[in-house]
Amino acid sequence: MDKFIFIDAVVLITAFLMLLFAFFLQTVDAKNKLSNKLFSGFLILSVFDISSFFTDNYIDTGLSFEVFRMTTSLLTLPLFYLYVKAVCYSDFRLKPKHLLLSLPFLIANVVLIPRFYLASTIDSLYIYQHFRQTLEIRFFFLLRELQYAFYMVAIFKILKNYKTIYSENHTNSNNSSYTWLFQMTVLFLISHCLVVFSFLLSYTDYRLLLNWSNIITGICALIISCWFVLKALKKPELFKGVDANMIALNKELRTKSNTPDEESFDPQTSAKMRSQMDLVKKYVLENELYLEPSLTIQELSKQVTIP
């Protein structure tokens with residue numbers, strides 16, 4: 001089988017699986033519907049981005065459409081970032097300020113308007129021949145890599161904070177949502193490194209290596225898509241967040257220990273704290289709350305009416 005036909009077939013199957021998973025996320029009855037819709041949007045945009053692999057050989061879309069499709073990749077990372085926040089924090093809501101995340105997409109399109117969107121037929125032919133050498137396209141790729149690095153750092157920071165809050169406020173230490181998000185982020189990072197490697201190879205004469213690099217990247221995308229579907233079938237309960245207003249207990253205790261208060265040494269206050277601790281222990285034992293793996297510190301506080 002020809003390598004290019006194989007790549008087209010792999011990308012086509014990948015796109016189908018991603019769209020199928022996106023449809024599942026849109027229709028499934030879940031508690032956190034916002035995260036599902038955000039991830040569904042991320043998948044649909046990703047399919048739109050990679051669709052150039054199998055449409056270029058069959059459809060003449062024109063320069064403007066191809067450039068616009070390329071710039072939509074600047075929207076996928078913001079959607080994935082919002083999805084991570086929606087999964088990690090159950091009280092997360094979209095706000096008008098989140099529209100600022102689309103700023104790189106708007107900047108890229110404004111930069112590309114004069115020479116690409118307004119190009120004549122003759123100019124389009126010249127641009128197609130020198131596409132990667134144009135200053136605007138190099139600016140776009142630089143902007144995309146800077147954006148990717150920024151969001152990867154931001155996502156890993158969210159995951160670290162989420163893991164800390166979850167472990168200190170939940171009795172169940174098995175955090176499948178964190179594992180899912182962390183594994184997926186690492187897979188995306190590895191896949192992106194392969195894409196960057198293929199992109200750099202396109203500026204060289206190593207065509208055979210470039211073809212094999214594209215094949216490996218396509219296979220990785222297919223494996224990730226299959227992994228999405230299998231995860232959804234095996235663990236449909238994955239999406240469970242924590243309240244963003246929760247605090248990490250160890251961090252709070254360290255803060256208080258470093259800032260001594262006169263009240264901390266008050267015998268009356270100490271006696272009150274011991275009384276509250278005894279009340280909590282008695283309540284937990286009487287109601288056998290230690291058998292509830294989903295119990296949080298916040299819920300326990302509401303039950304015993306101690307802030």
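## Where H2 meets H5

Leu-34, Ser-35, Leu-38, Phe-39, Gly-41, Phe-42, Leu-45, Ser-46 and Asp-49 of helix H2 touch Ser-73, Leu-75, Thr-76, Leu-79, Phe-80, Leu-82, Tyr-83, Ala-86 and Val-87 of helix H5 (contact means heavy atoms within 4.5 Å; helices are DSSP runs of H or I with at least four residues, numbered from the N terminus). Sorted by class, that's 12 nonpolar, five polar and one charged (Ala, Val, Leu, Ile, Met, Phe, Trp, Tyr, Cys and Pro count as nonpolar, Asp, Glu, Lys and Arg as charged, and the others, Gly among them, as polar).

This is a predicted model, where local features need pLDDT of at least 70, side-chain atom pairs need 80 or more, and totals for chains, interfaces and linings use all residues. Residues count from 1 along each chain as its sequence is written, and side-chain values use heavy atoms, leaving out hydrogens and water.

## How they line up

H2 (residues 33-50) and H5 (residues 73-88) pack at about 160 degrees, with axes 8 Å apart. They're therefore roughly antiparallel (over 145 degrees).

## H5 has another partner

The axes of H5 and H9 (residues 176-201) come within 10 Å and cross at roughly 165 degrees. That makes H5 roughly antiparallel to H9. On the H5 side, the contact includes Phe-80 and Tyr-83, and on the H9 side Trp-180 and Phe-188. This contact has nine nonpolar, two polar and no charged residues.

## A look at Asn-109

Asn-109 sits in helix H6 (residues 103-117). Why does Asn-109 count as buried? Because its relative accessibility is 11% (buried means under 20% relative accessible area, with a 1.4 Å probe and protein chains only).

How values were computed: Helix = DSSP H or I, 4+ residues; strand = E, 2+ residues; numbered from the N terminus. Buried < 20%, exposed > 50% of the residue type's maximum accessible area, 1.4 Å probe, protein only. Axes fitted to C-alpha atoms, helices over the stretch in contact; angles between N-to-C directions. Parallel < 35°, antiparallel > 145°, perpendicular 65-115°, else oblique.
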